[in-house]
Amino acid sequence: MKRFFNKLEIKRKMALLYILCVVLPIIISDGFVFKSIYNSEKSSILHQMENEANAINYTFFNQVDEAAKLGNALYSSLYVHRFLHKEYSSNLEYYNAYQTFFDDTLLKLVTGQSGMDYCIYLDNNTITNGAEFQKITKAIGTDWYDYILTSHLNKGLYFGMTKQPTGALQRTIYYFQRLNYYKYNSPNILLIKIDYSKCVDDIENLNYPYKAYICDDTRVLMSNGKYSNVSKEYANKTLLENIAYSQDCTVYGQELEIKIKDVDYSFMDLFRKRWYQLLFMIVINIALPVFVSSLMHTNLKNRLREQEAVVARKNAELIALHSQINPHFLFNALESIRMHSLLKKEEETAKMVEHLAKLQRQYTEWNDDIIAIENELNFVEAYLQLQKYRFGDRLSFEIDIEDECRKLLIPKLTLVTFVENAVVHGIESKTTPGWIFVRIYVKDENVIIEIEDTGSGIPEDIANVLLENMRNSEISMLKEKGRVGIVNACVRLKMISEDNVMFDVDSEIGTGTLFQITIPMMYLKGMI
């Protein structure tokens with residue numbers, strides 16, 4: 001009997017030891033692991049919300065930026081100022097000046113490409129009210145005009161409601177610019193109407209899973225779901241609930257806030273989504289000796305998910321970069337051809353280019369940002385041939401590439417951007433003939449890319465600032481003025497090389513400029 005009780009006592013002690021040394025550690029460890037998985041999932045969701053807010057901010061800024069560029073061009077144009085302030089003796093004189101104005105400017109071409117409607121309100125009683133030009137008295141009493149007067153802003157955004165011919169109200173985004181560059185107290189105002197529906201469509205086409213809202217101080221201005229009905233009044237911001245992420249942004253003087261709605265995410269949702277991890281935990285609980293290594297494996301998976309969030313953010317930045325490159329390069333080239341044709345009175349050619357400029361927005365595709373260097377050089381040669389048509393004997397060029405470099409991969413239109421810079425800032429300002437050399441070769445496992453021109457050269461202080469911007473280029477610099485194309489190309493070269501790219505600029509006034517890019521070959525091999 002005593003032996004029986006001793007045996008029972010031993011079993012009890014073994015059971016207690018088992019509970020203390022095995023069961024409790026497993027329960028505690030499982031609790032920590034479950035909490036880690038849950039926090040990791042919530043952190044991943046928060047990263048995705050941040051990516052969505054960044055993409056929406058950049059997309060909306062680009063829409064407004066097109067209107068701002070048009071506004072700045074008209075604001076600083078002396079030709080436009082003289083047309084708006086001239087006293088016309090008759091309607092016929094004004095009509096003739098009106099026709100000449102549009103014949104001499106690219107205003108209809110630019111607005112036709114962008115799809116923007118505009119109107120200039122003038123304090124000039126000698127004009128005749130028309131589609132593009134209205135007397136300032138027409139603006140008095142409108143909500144947007146009252147906002148401009150009370151805000152005292154020189155330029156900015158206004159979200160309002162426009163009455164349609166049917167009598168219905170429709171949401172409208174206005175960009176306004178006071179035209180007072182040459183006359184400080186001028187009441188003239190440029191009003192550009194931005195397509196509200198297109199802005200909403202662009203935000204929805206980002207295809208993020210969370211509901212996002214762009215708000216001002218009191219209203220919900222637009223979203224990728226509810227509260228974006230173009231025919232309804234703006235909803236009050238207080239209606240928004242369960243906001244998990246907010247980001248402040250300023251778009252041309254308008255203080256905005258991007259809000260992302262939280263998702264109902266319970267532990268049961270997590271379990272259904274991560275069932276394979278629960279199964280994995282059962283295996284861990286059975287195979288206690290391999291518990292530590294399995295836990296490390298789970299942590300590694302969590303780190304991989306965080307890296308995926310970083311990659312997603314970089315993809316959002318590339319989408320924004322893509323929307324900037326085509327107009328920067330292609331429109332400049334087309335405009336050069338058009339102006340050259342007009343000077344030669346080749347009006348048919350100019351008209352064809354005008355049509356081509358309209359079509360390029362629809363047919364230019366970005367299926368892949370990466371391209372073989374030899375294909376990129378085809379773009380370079382085509383661009384230089386276009387410029388040679390413009391400059392004639394003033395421009396000569398030579399392209400030299402080692403065979404080993406031809407199939408290496410590089411971001412599309414990066415080399416063209418540097419070559420375009422050499423033409424515009426080197427050859428264009430020089431009256432004597434000049435050369436452009438493009439050289440690509442391998443040295444010590446590095447690919448060396450050189451773009452050299454024998455143009456006017458860059459002053460030392462400007463060259464130093466340019467080199468500093470290239471070496472420290474980042475996505476936020478693309479909203480600033482200056483050589484945006486160069487910064488854009490440097491950002492994408494840094495992305496593909498994980499920041500292992502070196503830039504150098506050597507320039508001398510009257511002699512020319514040399515841009516040198518050095519990239520380890522391993523980053524350009526890709527899948528070939």
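## Basis of the values

In this predicted model, local features need pLDDT of at least 70 and side-chain atom pairs count only at pLDDT 80 or more, while totals for chains, interfaces and linings use all residues. Residues are numbered from 1 along each chain as its sequence is written, and side-chain values use heavy atoms, with hydrogens and water left out.

## Overall make-up

The protein has 14 helices and 17 strands. Helices (H or I, at least four residues) and strands (E, at least two) are DSSP runs, numbered from the N terminus. Of the 528 residues, 44% are buried; buried means under 20% relative accessible area, exposed over 50%, and partly exposed in between, with a 1.4 Å probe and protein chains only.

Among contacts with a separation of 6 or more, 65% are between residues 24 or more positions apart; contact means heavy atoms within 4.5 Å.

## Aromatic pairs and a charge over a ring

The structure holds 19 aromatic pairs. Rings of Phe, Tyr and Trp (its six-membered ring) pair if their centres lie within 6.5 Å; planes under 30 degrees apart count as stacked, over 60 as edge-to-face and the rest as tilted. One of the pairs is Y94 with Y98, which is tilted, at 6.1 Å centre to centre and 45° between the planes. Y94 and Y98 are about one helical turn apart because they are four residues apart in helix α3 (residues 91–104). Y94 is buried at 6% relative accessibility, and Y98 is buried at 17%.

A second pair, W144 with Y145, is edge-to-face, with 5.9 Å centre to centre and 85° between the planes. W144 is buried at 6% relative accessibility, and Y145 is buried with a relative accessible area of 10%. Y94 and Y98 also belong to one aromatic cluster with F83, Y88 and F133. Elsewhere, R219 lies over the face of Y234, 4.8 Å from the ring centre; the criterion is NZ of Lys or CZ of Arg within 6 Å of the ring centre and within 35 degrees of the ring normal.

Just after α5, H152 has a positive phi of about 60°.

In helix α6 (residues 196–204), the buried residues are Y196, C199, V200, D202 and I203. They cover an arc of only 160° around the axis, so they are on the same side of α6. The N-terminal end of α6 is capped by D195, with a side-chain oxygen 3.0 Å from the backbone nitrogen of S197. A polar contact is a pair of N or O atoms within 3.5 Å; within protein, one must be able to donate a hydrogen and the other to accept it, and residues adjacent in sequence count only if both atoms are side-chain atoms.

S186 is in the loop between β4 (169–178) and β5 (189–194) and is buried, with a relative accessible area of 4%. Its side chain reaches the backbone nitrogen of N188 at 3.3 Å. Apart from neighbours within four places in sequence, S186 is in contact with H85, L179 and N180.

Positive phi values in residues other than glycine include those of N242, near 55°, and L413, near 70°. N242 is in the loop between β8 (235–236) and β9 (243–251). L413 is in the loop between β13 (409–411) and α12 (414–427), and is buried at 6% relative accessibility.

E50 lies in helix α1 (residues 2–75) and is partly exposed, with a relative accessible area of 26%. The C-alpha atoms of E50 and Y245 are separated by 7.4 Å, although the two residues are 195 residues apart along the chain.

Methods
The arc is that of the directions from the helix axis to the C-beta atoms.
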